[in-house]
Amino acid sequence: MDIIRFAKRCYILTSAFLIALGAAFLFWPQMSLTVLCRIVGIVMLFSGAAKLIGYFSNDPYRIAFQFDFAMGVLTFAFGAVLLLFPSGVAKYLTAMIGVFVVIDALMTIQNAIEASRFGIGRWWVILIGGLVTLALGVCVLIKPLAGAVFVTRICGAALFVDGIQNIIVGVMTVRKKK
């Protein structure tokens with residue numbers, strides 16, 4: 001299997017993990033924060049590795065993977081911190097996820113602009129996904145009506161939507177040279 005196909009599959013699998021993680025936050029918001037830190041840490045380690053693989057692939061458009069060196073290293077480090085110090089960072093988990101989602105959404109919005117320049121037909125789908133994800137990420141950060149269960153569910157919705165929009169970006173923009 002070539003590196004582009006492998007990177008695309010890792011990207012989509014990581015996005016599916018984000019969707020599952022978001023669902024866990026939505027349906028079990030009262031789960032132990034230490035357990036959530038460990039689960040998020042594992043997903044982030046895998047996500048960081050997938051981003052690094054994508055960055056070093058030979059994707060001709062370089063839309064989906066253009067920022068993935070820095071994001072891969074940061075995501076991997078984020079996962080490692082969550083796994084190594086779950087009780088120490090548990091109270092900051094939603095804020096950390098909010099920052100992660102906002103950064104990912106901003107990069108997706110930039111990806112949409114690049115997709116438009118490359119002539120990808122439905123670039124606006126990527127843009128809408130990025131804007132919705134950005135709005136949810138900002139909601140996590142400002143914590144409106146800040147009840148713990150509510151914030152956890154908003155966090156879950158943000159991760160869920162982030163995973164979906166990442167799959168859309170991966171499917172629409174990762175191409176193999178012909």
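Which residue forms a salt bridge with Glu114? Arg117 does, and the closest N and O atoms of the two are 3.1 Å apart. The model is predicted, so local features need pLDDT of at least 70 and side-chain atom pairs count only at pLDDT 80 or more, while totals for chains, interfaces and linings use all residues. Residues are numbered from 1 along each chain as its sequence is written, and side-chain values use heavy atoms, with hydrogens and water left out.

**Salt bridge**

The structure holds one salt bridge, a term that stands for a side-chain nitrogen of Lys or Arg within 4 Å of a carboxyl oxygen of Asp or Glu. Side chains of opposite charge can pair when their charged atoms come close. Arg117 and Glu114 are both in helix α5, three residues apart, which means that about one helical turn separates them. Helices here are DSSP runs (H or I, at least four residues), numbered from the N terminus. Arg117 is exposed at 64% relative accessible area, whereas Glu114 is buried at 17%. Buried means under 20% relative accessible area, exposed means over 50%, and partly exposed lies in between (1.4 Å probe, protein chains only).

**Nonpolar surface patch**

Val99, Ile103, Val138, Leu141 and Ile142 make up a nonpolar patch on the surface, with about 390 Å² of accessible area together. The elements that contribute two or more residues to this patch are α5 (93-118) and α6 (123-142). Helix α6 gives the largest share, three residues. Leu141 is located in α6 and is partly exposed, with a relative accessible area of 37%. Patch residues have over 30% relative accessible area and no salt bridge; like charges are joined within 9 Å, and nonpolar side chains (Val, Leu, Ile, Met, Phe, Trp, Tyr) within 5 Å. The areas come from the Shrake-Rupley method with a 1.4 Å probe, and for residues only the protein chains shown count as cover.

**Cysteines**

A disulfide is a covalent bond between the sulfur atoms of two cysteines. With a cut-off of 2.5 Å between cysteine sulfur atoms, a search of the whole structure finds zero disulfides. For Cys37 the closest cysteine sulfur is that of Cys155, and at 11 Å it is too far for a bond. Cys37 is buried, at 0% relative accessibility, and Cys155 is also buried, at 0%.

**Aromatic pairs**

There are six aromatic pairs in the structure. Rings of Phe, Tyr and Trp (its six-membered ring) pair if their centres lie within 6.5 Å; planes under 30 degrees apart count as stacked, over 60 as edge-to-face and the rest as tilted. Two of the pairs are tabulated here.

| Pair | Centre to centre | Angle between planes | Class |
|---|---|---|---|
| Phe27 and Trp28 | 6.5 Å | 75° | edge-to-face |
| Tyr55 and Phe56 | 5.1 Å | 85° | edge-to-face |

Phe27 is exposed at 60% relative accessibility, and Trp28 is exposed at 53%. Tyr55 is partly exposed at 29%, while Phe56 is exposed at 57%. Tyr55 and Phe56 belong with Phe69 to one aromatic cluster.

**Asn166**

Helix α7 (residues 148-173) contains Asn166, which is buried at 5% relative accessibility. Leaving aside residues up to four places away in sequence, Asn166 touches Tyr11, Ser15, Leu18, Asp104 and Thr108. Contact means heavy atoms within 4.5 Å.
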